[in-house]
Amino acid sequence: GMLCSCWMALMALDLDSRQCVTLDVVFLLDGSDGTRSGFPAMRDFVQRVVETLSVDDNKDRVSVVQYSRDPAVQFYLNTYKTKGEILDIVRGLRHKGGRPLNTGAALQHLRDNVFTASAGSRRQEGVPQLLIVLSGGRSFDSVDAPASALKDLGVITYTIGSRASDSSELQKIAHEPSHALSVSEFTDLPDVQEQFSSVMSKVLVSTAHMTPTGPGKKMIDFKGQGYGQMILNTFVTCRHPSRRDVVFLLDGSDGTRSGFPAMRDFVQRVVETLSVDDNKDRVSVVQYSRDPAVQFYLNTYKTKGEILDTVRGLRHKGGRPLNTGAALQHLRDNVFTASAGSRRQEGVPQLLIVLSGGRSFDSVDAPASALKDLGVITYTIGSRASDSSELQKIAHEPSHALSVSEFTDLPDVQEQFSSVMSKVLVSTTHMTPTGPGKKMIDFKGQGYGQMICDFSFRLHIIITHGVSGFKL
């Protein structure tokens, strides 16, 4: 398989064989009469999970099935090859309607028609098969036999129910009871997203022993030891998540008026992948044109929901000229500070993501250097009208400077951005004492290595090694 540049310093294990994990992910959505009002929220949930997957390089495959009386496959695992196509189709899904709710028949249909090689499943190649069921009512038919059949196939099922669901039924369908989550209404799904990611990562960060598939044999035996295949952290959260302070600097000048909604969406998509609610990650957003305007500081909001609500409501600032230098200096003096919520002095990585759509009117040289001296790791994304050499100067290193022709193309660069992010953050970092002329984070340092898990990209590593009974 493809080599991952991942240093497992925390685990102090000499693991020679590393390869990136692929996943087949199927969503089963209750489209019956009872979920009409909750359906848009179900659709959004699917989008947020798909955002975290690596579809474009054929690592991950996705299928969506909607059901009520009968199941309707919206698309199979091999229908679409790009994340963009999948997100477009999911965005456009219409609520099916109908009754009664036959969850048993839907599960059986997945068993017979979706988790199959002809429909794009790579089960026989040993690719983990994940099923995510969103169901808003009690099933009219029995789920027992179809749920067992999926378990025998090695499918790992997660269920999310609402107040009207039968929780014991959903626990029966789930791979294990802890994989059955619930919300009172599907509109509350964003509140459970982080818990869901955490449950996902716990099972997949596990010593899984792949056994030959045969009658009565489960493909993935999670109790198996021996040549354990550890599936590390398939979704958003890391088992050892480090904390991060993440600041977005957004060009709000006259030149970005048409691109601003896309910039806002980009920020939302990155924030979705962070762990804010348990105070691991903090977020600040600053908009600038002639002058910088802090929308909120690192210590303003304590929950992901508040941050997303505020970002959704951001208004384009307007104004000219574009003083990127002054904005960077403002961040240095007023945002990356302890009083504004920065935990730099506690050794928390400081990340800055700059979206700039034009050439700066003032000089960026001294402020960019000052941020580097502070240990801030900067990423830049420019558009056709930007000065690419200027953005490379601002970025931590030239490979951290990405560009799009228009900001409306940001979704196309999201995966590349995540990949660049993960390369620097999945690294053995040596925290050096901060002092004059010293960078806080020395990425070449060894010693007490600390693995900073990547955040807008999930690490997926299968470590094939004799790790008998290895526990994270």
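## Close-up views of a predicted model

**View 1. Helix α9 and its buried residues.** In helix α9 (residues 324–334), the buried residues are T324, G325, A327, L328 and L331. They cover an arc of only 165° around the axis, so they sit on the same side of α9. And what lies over them? The cover for the buried residues of α9 includes the strands β11 (244–251), β12, β13 and β14 (350–356), along with the helices α10 (365–373) and α11 (388–394). Keep in mind that this is a predicted model, here and in every view below.

**View 2. S289 in its loop.** Look for S289 in the loop between β12 (281–288) and β13 (292–296). Is S289 buried or exposed? With a relative accessible area of 1%, S289 is buried, because anything under 20% counts as buried. A polar atom of the S289 side chain lies 2.8 Å from the backbone oxygen of G318. Leaving aside residues up to four places away in sequence, S289 touches G252, S253, K317, G318, G319, P321, L322 and N323.

**View 3. Aromatic rings in pairs.** This structure holds 6 aromatic pairs. One of them is F75 with Y80, an edge-to-face pair with 5.3 Å centre to centre and 65° between the planes. F75 is buried, with a relative accessible area of 1%, while Y80 is partly exposed, at 22%. Y379 and F417 also make an edge-to-face pair, with 5.8 Å centre to centre and 75° between the planes. This pair links distant parts of the chain: Y379 belongs to strand β15 (residues 377–382) and F417 to helix α12 (residues 410–425), 38 residues apart. Both Y379 and F417 are buried.

**View 4. An aromatic cluster.** Which residues come together here in one aromatic cluster? They are F45, Y158 and F196.

**View 5. A six-stranded open sheet.** Follow the 6 strands of this open sheet in the order β4-β3-β2-β5-β6-β7, and you'll find that the pairing is mixed. The edge strands are β4 (71–75) and β7 (180–182), each pairing on one side only. From one strand to the next, the twist averages 20°.

**View 6. Zooming in on β2 and β5.** As a reminder, strands of a sheet pair through backbone hydrogen bonds, either parallel or antiparallel. Strand β2 (residues 23–30) and strand β5 (residues 129–135) run parallel, and 6 bridges join them.

Conventions:
Residues numbered from 1 in each chain as written. Predicted model: local features only at pLDDT ≥ 70, side-chain atom pairs only at ≥ 80, totals over all residues. Heavy atoms only, no water. Phe/Tyr/Trp six-rings, centres within 6.5 Å; stacked < 30°, edge-to-face > 60°. Buried < 20%, exposed > 50% of the residue type's maximum accessible area, 1.4 Å probe, protein only. Helix = DSSP H or I, 4+ residues; strand = E, 2+ residues; numbered from the N terminus. Polar contact = N/O pair within 3.5 Å; in protein donor to acceptor, adjacent residues only side chain to side chain. Contact = heavy atoms within 4.5 Å. Arc of directions from axis to C-beta. Pairing = 2+ DSSP bridges. Axes fitted to C-alpha atoms, helices over the stretch in contact; angles between N-to-C directions.
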